[in-house]
Amino acid sequence: MLKRALKLQEDGCPQLLVEGRAFPVKRNLYLVGFGKAVLGMAAAAEEILGDHLVQGIINMLLKPHSKIQVIEGAKNNLPDAEALKGAVAIQELAEGLTADDLLLVLISGGGSALLPAPIPPILLKEKEKLTKMLASQGAAIQELNIVRKTLSLLKGGGLAQLSYPAQVVSLILSDVIGDPLDIIASGPTAASTHTVQDCLQILTKYNLLCNLPKSVETVLSSSPTKPTAPEDFSHVCNIVIGSNSLALDKAKRQAEGLGYTTLVLSAAICGDVGRVGCQGEPSLRLLHLKSSSAVGLCRFTEVHYSNQRM
């Protein structure tokens, strides 16, 4: 997917081509990445970028002799000291960029756990405990990430703002239905559409507002009451290169090319696979009865968030 989305044109003035958009490059390109899938993404990106890549940092394993610094963290999808070390390194890289630089950001599912940067005086263990309590009470991934980004330096658009005035290009593999940019990996390069009030409502909903650490109370009391203005992200280009809907569309076109009649029932089915399968069975039976010559291609996507962490 990344190789389809990312091209390097070296004729004349070198340009990085991303989904039809062109960004000038002159050996001024930096890369950061976080998430379960950035291993393959970073390896492919480095192969494409060649000598134009100056430095990179990812929280995954990569081949030796790479220009990309590797920090392995968040084992079992839980933020840990190594993940925090990686987040600090990414923050320092971003803060050192200039208007002449281009930052390529690779984002995938699991990015929230691999980019922990609690706002002081919050400690990592305090934020992790709060997230675990929310998850244990059934909070949805959207709710978890709203709380996470409210308490983070890098999430909720923080990474993009620290990277200014450099141009930021994010290539995103979405693991959230509907592909909301400010929720995937808690939106490190997207303007947040939420405020501290949304965070407080979630904490109230799960009866946690009266059991917060003093550090969290301090941060919440001083958090902005309005979302970040979209114009503050004019230096950012966010592109989703992989998602449920993109995969379904590709499967549909592939099947139609083979002569099948296709029908995508939904790109937003989630829940336990057994329950979802039972709900979809009547629709499949109806399609079979209605047409003896057409074959319906139905793709059910199971999405489990119960094991997601901070």
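**Two helices at an angle**

At what angle do H5 and helix H7 pack, and how far apart are their axes? H5 and H7 (residues 196-205) pack at about 125 degrees, with axes 9 Å apart. This is a predicted model, where local features need pLDDT of at least 70, side-chain atom pairs count only at pLDDT 80 or more, and totals for chains, interfaces and linings use all residues. Residues are numbered from 1 along each chain as its sequence is written, and side-chain values use heavy atoms, with hydrogens and water left out.

Some ground rules: helices are DSSP runs (H or I, at least four residues), numbered from the N terminus. Axes are lines fitted to C-alpha atoms over the stretch in contact, with angles from 0 to 180 degrees between N-to-C directions. Angles under 35 degrees count as roughly parallel, over 145 as roughly antiparallel, 65 to 115 as roughly perpendicular and the rest as oblique. H5 and H7 are therefore oblique to each other.

**Who touches whom**

H5 passes H7 in a left-handed crossing (the near helix is turned anticlockwise from the far one by less than a right angle; clockwise would be right-handed). Glu 143, Ile 146, Val 147 and Thr 150 in H5 meet Val 196, Asp 198, Cys 199, Ile 202 and Lys 205 in H7, where contact means heavy atoms within 4.5 Å. Sort these residues and you get 5 nonpolar, 1 polar and 3 charged. Here Ala, Val, Leu, Ile, Met, Phe, Trp, Tyr, Cys and Pro count as nonpolar, Asp, Glu, Lys and Arg as charged, and the others, Gly among them, as polar.

**H5 and its other partner**

Now look at helix H4 (residues 124-136): its axis and that of H5 come within 10 Å and cross at roughly 165 degrees. That makes H4 roughly antiparallel to H5. This crossing is right-handed. On the H4 side, Lys 127, Leu 130, Thr 131, Leu 134 and Ala 135 meet Leu 144, Val 147 and Arg 148 in H5.

**The largest pocket**

The largest pocket holds about 410 Å³ of space. On a 1 Å grid over the protein atoms alone, a pocket is an open set of points with protein on both sides within 12 Å along at least five of seven lines, and lining residues have an atom within 4 Å of a point. Volume is the space filled by probe spheres set on the points, which are joined across faces, edges and corners.

Of its 21 lining residues, Lys 149, Thr 150, Gly 156, Pro 224 and Thr 228 lie nearest the centre. H5 (141-150) and helix H6 (158-163) are the elements giving two or more residues to this lining.

Technical notes:
1 Å grid on protein atoms, 1.4 Å probe; cavity = no way out; pocket = protein on both sides within 12 Å on 5 of 7 lines; lining within 4 Å.
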